[in-house]
Amino acid sequence: MDCAAAGLMALLALVWMAAPGQAQVIKSGPPTCNAVALTFDLCPVRSGPGYDGDLIDYLVAHRIPATFFLSGKWMAKHDTEVHTLLNVPFFEIGTHGDVHAHLPMLTEEEQRREMLGPIARLKTQYGRETSLFRPPYGEFNDHTVEVARSLGLRFILWNVESGDPDPQLTREQILARLKAKVKHGSVIVFHANGKGKHTRAVIEDLVQVLLPERGLTPATVSELLSCVNRAPRPDR
């Protein structure tokens, strides 16, 4: 390991104390909970602003709880937006890898650095800690799970994929996917980096029509996972 890498690892050790025992791969919340988690990945983009301001404004205006998974590379270019997200009391922040790498292609030590990068940035630059982690692309192997466990991270995937970054999908098609899959305890993945041109409109349809019809409410991931078992209202 060269001096620069050794220095980085020393810094990471200072800002993150491992808390062993988490890292169960989580795809959904309790099926008896009448809530769903709205989650938004903030992956780095090659062009465009990389931030869906209209979406965020809608969530804030309607006080809709949500969880955002921030990559380190995205944070490096969006300081103002990171502050915006951190200042919303009903938003929750997790991490999404440092440079949005394909983790199974990395060694165990490389995966550890990829996970710790954005955690260190949140701690040193923004004074915020988080234990929520989502692997880039939803990809992982045994090393990923073991490293996340050793770092005390909650390993969050999803059981409903909106498909919102796909430019071929219309608003109606995305909503149809959600109608077919959303149920009690669902974790839904969207994107807030501007790649989903229908994301804001779909969220409006979701929270104003689909969720109320099924007796469901939006929640952060942590709220969903700590949800006390409640008798679900039947889906319609």
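The model is predicted, so local features need pLDDT of at least 70 and side-chain atom pairs count only at pLDDT 80 or more, while totals for chains, interfaces and linings use all residues. Residues are numbered from 1 along each chain as its sequence is written, and side-chain values use heavy atoms, leaving out hydrogens and water.

**Exercise 1.** Find the helix that holds S150, and say whether S150 is buried or exposed.

Step 1: S150 belongs to helix α6, residues 142-150; helices (H or I, at least four residues) and strands (E, at least two) are DSSP runs numbered from the N terminus.
Step 2: With a relative accessible area of 16%, S150 is buried. The cut-offs are under 20% for buried, over 50% for exposed and in between for partly exposed (1.4 Å probe, protein chains only).

**Exercise 2.** Work out how the buried residues of α7 are arranged around its axis.

Step 1: List them: in helix α7 (residues 171-181) they are I174, L175 and L178.
Step 2: Look down the axis of α7: the buried residues fall within an arc of 95 degrees, so they line one face of the helix. The arc is taken from the directions that run from the helix axis to the C-beta atoms.
Step 3: Recall the helix geometry: an α-helix has 3.6 residues a turn, so residues three or four places apart point the same way.
Step 4: Turn to the face away from the buried side, where α7 carries the exposed residues E172 and A180.

**Exercise 3.** Describe the salt bridge between D41 and R134.

Step 1: Apply the rule, a side-chain nitrogen of Lys or Arg within 4 Å of a carboxyl oxygen of Asp or Glu. The closest N and O atoms of D41 and R134 are 2.9 Å apart.
Step 2: Check burial: D41 and R134 are both buried.

**Exercise 4.** Describe the spacing and exposure of E204 and R200.

Step 1: Their salt bridge has its closest N and O atoms 2.4 Å apart.
Step 2: E204 and R200 are four residues apart in helix α8, which means a separation of about one helical turn.
Step 3: E204 is partly exposed at 24% relative accessible area, and R200 is partly exposed at 30%.
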